[in-house]
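Hi,

Here is the structure I promised to pass on. My notes follow below it.

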Amino acid sequence: MNIVRRREIKYLLNTEEYKKAKNHISKVLIGDSHNKDNGYTIRSLYFDTLDDRDFQEKEAGVEIRRKVRLRVYDPEASFAMLEMKQKEGDYQLKRSLLVSREDAIELSKGNYACLLNYEDPFAMEMYLFMTMNLYRPKVIIEYRRDAFVVKENSIRLTFDHDIVATEASMDIFDPNLQMNPIMDKNNYVLEVKYNGFLLSYVKDLIESVSCINTSVSKYYMSRNVTHKIIL
């Protein structure tokens, strides 16, 4: 199990603000090793309870809440990451477990017994949690990410864009998934993630860009469309 505890601050940028921010940040910070010309792709399958408790708690602004997801970076990948993110006040606790492609396929079908084959205690915890709370696969979300890092303080600045989603298929490894935009293509999400404190020069970099602090959640945005249709 991998454990990360950090603060996360999110900003909503338009295209002009994104270009300005990325230009400033790229001159000072180190680009993530996975970056390509247009960043790299992230695809996540989110789970929720039968009555969408996690979605409802986000909408209600509950202080302590969670998200459960299965994440891959390439449809051809031989593995995936099963993750639980827990919001605790200003901090985010993320725990993750590497699972095989075969087990990821089972999880995406709502079959969680494969987790009993892992020795990591987190696997058993996730099996019990997802089974007892009746978690089901709900939506796949995909986007492009440009990431920059500050190694001395585990700081990450990421720009997420071209955010799309689907609830029609839960096949996370399908290279031809048909997905729909959930955010205007001219909007970008800047996430600032850090442990302890934010270095002053990084803070100055962010403040040099006029952007809006937001609590935007990709999962909430994608599911909100469905809930509005149902209502």
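**The main core**

The largest nonpolar core holds 28 residues. Those with the most contacts inside it are Phe47, Val68, Leu70, Val99, Leu107 and Leu115. A nonpolar core here is a set of buried Ala, Val, Leu, Ile, Met, Phe, Trp, Tyr and Cys residues joined through side-chain atoms within 4.5 Å. Buried means under 20% relative accessible area, exposed over 50%, and partly exposed in between (1.4 Å probe, protein chains only).

Elements giving two or more residues to this core are β3 (40–49), β4 (64–72), β5 (79–88), β6 (91–100), α3 (101–108), α4 (121–132) and β7 (135–150). The largest share, five residues, comes from α4. Helices (H or I, at least four residues) and strands (E, at least two) are DSSP runs, numbered from the N terminus.

Before you read on: this is a predicted model, where local features need pLDDT of at least 70, side-chain atom pairs count only at pLDDT 80 or more, and totals for chains, interfaces and linings use all residues. Residues are numbered from 1 along each chain as its sequence is written, and side-chain values use heavy atoms, with hydrogens and water left out.

What does leucine 115 contact, leaving aside its neighbours within four places in sequence? The list is Leu82, Leu97, Val99, Leu107, Ala123, Met126 and Tyr127. Contact means heavy atoms within 4.5 Å.

**Strand β3 and its partners**

β3 is mostly covered, with nine of its ten residues buried. It runs antiparallel to β7, and ten bridges join the two. Within that pairing, tyrosine 40 has arginine 145 of β7 as its bridge partner. β3 also runs antiparallel to β4, through five bridges. There, tyrosine 46 is bridged to arginine 69 of β4. Two strands pair if DSSP finds at least two bridges between them.

**Two aspartates with positive phi**

Aspartate 52 is not a glycine, yet its phi is positive, near 55 degrees. It sits in the loop between β3 and α2 (53–60). Is aspartate 52 buried or partly exposed? It counts as buried, because its relative accessibility is 8%.

Aspartate 162 also has a positive phi, of about 55 degrees, without being a glycine. Its place is in strand β8 (residues 155–166). Aspartate 162 counts as partly exposed because its relative accessibility is 30%.

Best wishes
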